[in-house]
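Morning, everyone. One model today, a few local features. Here it is.

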Amino acid sequence: MLEEFKQLSPSEFFYRNKEIAGFSNPSRSLYTSIRELFENSMDACELNEILPEIILFLRRIKRSERGEIYKLYIQDNGGGIPKKHILNALGTILYSSKYVIRQSRGTFGLGGTLALLYGQITTGKPVKVVSSTGNSQIHQYTFKIDIKTNNPIVYSYKAIRNNRGWRGTIIEFYLEGNYSIASRYIINYLKLTATITPYADIIFVDPNGVLYYFPRTISKMPRPPKKVKPHPHGIDLEFLKYLINTFPKTLTIKEFLTRAFHRVGENTAVKFLQYAKIKPTIKLGAINDDILDKLYNSLRSYNKFISPSADVLSPIGEDILIEGIYKEFKPEYVDVTSRNPSSYRGHPFIVEAGMAYGGGIPGQAGDILLFRYANKIPLLFDEGSDVSYKVLDKLKQGSYKIQSDKPIAIFIHIASTKIPFKSVGKEAIADVPEIEREIELALKTLFRRFLKYRRRVIKKKEAEKRLKVYYQYIRLISEFSSKLADREAADINKLLERVKTRYNVKERISQTISKQRS
Ligand code: ADP
Ligand code: MG
């Protein structure tokens with residue numbers, strides 16, 4: 001029998017393998033869909049330096065075979081999508097504005113679009129998209145995705161006069177889900193996002209009519225990331241071939257290096273080519289497999305390239321992080337630290353970490369909760385196999401035996417142009433030594449400062465105990481000694497006040513927080 005060969009379109013491929021992208025069952029799919037669209041909205045705001053205002057409505061429509069059918073409405077005030085890109089951006093898998101080297105939440109051009117495709121497959125209904133970049137028109141499309149060809153099929157189009165200069169994107173579609181199971185993940189996800197984005201206003205109305213509001217409390221935003229060219233250490237062979245093909249064949253290899261790569265100037269190019277034993281005047285058109293091989297291997301092994309610049313990253317920043325943790329958890333104690341930029345295999349990254357104790361931190365005495373983030377996305381699954389978990393565990397076993405009478409929360413954010421996820425599910429970060437080291441240093445700083453704070457609190461408690469005793473007798477002693485000295489009784493209230501404030505640690509901590517906030 002003759003085997004039948006055929007090629008799948010990207011839509012068909014991803015639809016058939018949707019589990020790997022987080023669309024495995026109705027509850028997980030609902031969670032993933034909300035997450036992907038929400039992240040697109042956040043990206044659309046942050047990359048354009050707009051303070052995000054995001055509204056999500058989820059309505060239950062009816063029961064279905066496997067779960068229930070919902071209508072999801074999401075509105076943002078981001079940059080909007082230019083008319084000529086709307087259909088492709090959301091009606092074609094693997095069409096993205098994010099195939100550049102800078103930090104963003106989306107990367108593959110399939111997250112949000114795949115959510116829409118999932119909705120279409122489970123309900124048979126088209127998607128409605130309304131978007132404007134703030135110019136004279138608002139564009140409204142309804143469309144479906146043709147799975148066989150990976151192209152949008154338009155059902156209707158309308159242009160509306162944009163009298164009030166509205167800018168942003170609204171997406172409305174139907175999908176199958178199971179909110180009673182997914183709700184706790186969805187709400188957790190939004191709360192944890194709000195924790196690191198206190199500059200965003202987020203509203204979610206759930207199918208039961210419950211409103212979750214995560215208000216904006218500061219109007220400072222992280223600086224947006226810059227786009228840069230790839231770093232020589234960060235590319236693979238296929239990408240190198242692709243880069244060579246995008247330049248004219250008559251260009252010399254030296255010119256190519258300086259134009260195609262980040263951090264490679266004239267001097268570096270000359271020295272590198274000496275190292276690689278490649279003639280600088282060779283034209284791109286004359287590069288054969290041998291030279292390509294030599295070039296590629298040398299690019300990877302040459303250790304004198306300057307490290308990639310961290311401008312492509314958009315870390316949260318210490319003051320924003322402290323504000324966010326404070327606003328969402330109202331802890332008794334909060335501390336944050338931000339490591340200097342570093343890099344692994346040509347990809348820059350920054351580790352930021354926070355630690356909070358008591359107050360609204362959930363859990364029991366002795367608990368140490370770990371909240372993980374990658375490029376500002378909270379990671380809720382696969383905690384046990386994440387590098388942060390490994391480091392925290394090591395520190396807990398080792399010299400940092402933290403004992404506390406209240407739960408503690410640890411926040412770890414890794415910002416990078418390429419997060420080394422363990423699997424396509426994007427939930428756990430691999431233990432890359434460079435990243436592991438930075439996390440460890442960040443946590444050690446936080447632990448050290450926390451232990452110092454704890455010692456101060458314990459000292460304060462003991463002092464309070466002593467004060468109590470002291471209080472009982474001080475008046476008597478004062479009166480007695482005044483009489484002995486044959487003087488008038490002294491005013492001891494002032495003295496007592498002074499002693500009280502000296503030991504009021506809580507007061508001082510909140511002063512520190514407000515100082516860091518202003
Ligand atoms: P990715 O986010 O990985 O690029 P998506 O399928 O989620 O892939 O989105 C595809 C593209 O659609 C994005 O790259 C972006 O250009 C555009 N897009 C999606 N949602 C929005 C939005 N809310 N506002 C502006 N642009 C958007
Ligand atoms: Mg996306």
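How many cavities of 30 Å³ or more does the structure hold? One. A cavity here is a set of points on a 1 Å grid over the protein atoms alone, where a 1.4 Å probe fits but cannot get out.

Before the details, some ground rules. This is a predicted model, where local features need pLDDT of at least 70, side-chain atom pairs count only at pLDDT 80 or more, and totals for chains, interfaces and linings use all residues. Residues are numbered from 1 along each chain as its sequence is written, and side-chain values use heavy atoms, without hydrogens and water.

Fourteen residues line the largest cavity, meaning an atom within 4 Å of a point. Closest to its centre are Glu-46, Gln-103, Arg-105, Ser-314 and Lys-376. Domain 1 (10–214) and domain 3 (310–451) each give at least three lining residues; the bounds come from an automatic or database domain assignment.

Next, helix 7, residues 253–260; helices are DSSP runs of H or I, at least four residues. Ile-253, Phe-256, Leu-257 and Ala-260 are buried, that is, under 20% relative accessible area with a 1.4 Å probe, protein chains only. They sit on the same side of helix 7, because they cover an arc of only 100° around the axis, taken from the directions from the helix axis to the C-beta atoms.

Last, backbone. Most residues other than glycine have a negative phi. Glu-49 has a positive one, about 55°. Arg-345 does too, near 40°.

Note on methods:
Chains lettered and ligands numbered in written order. 1 Å grid on protein atoms, 1.4 Å probe; cavity = no way out; pocket = protein on both sides within 12 Å on 5 of 7 lines; lining within 4 Å. Points joined across faces, edges and corners; volume = space filled by probe spheres on them. Buried < 20%, exposed > 50% of the residue type's maximum accessible area, 1.4 Å probe, protein only. Helix = DSSP H or I, 4+ residues; strand = E, 2+ residues; numbered from the N terminus.
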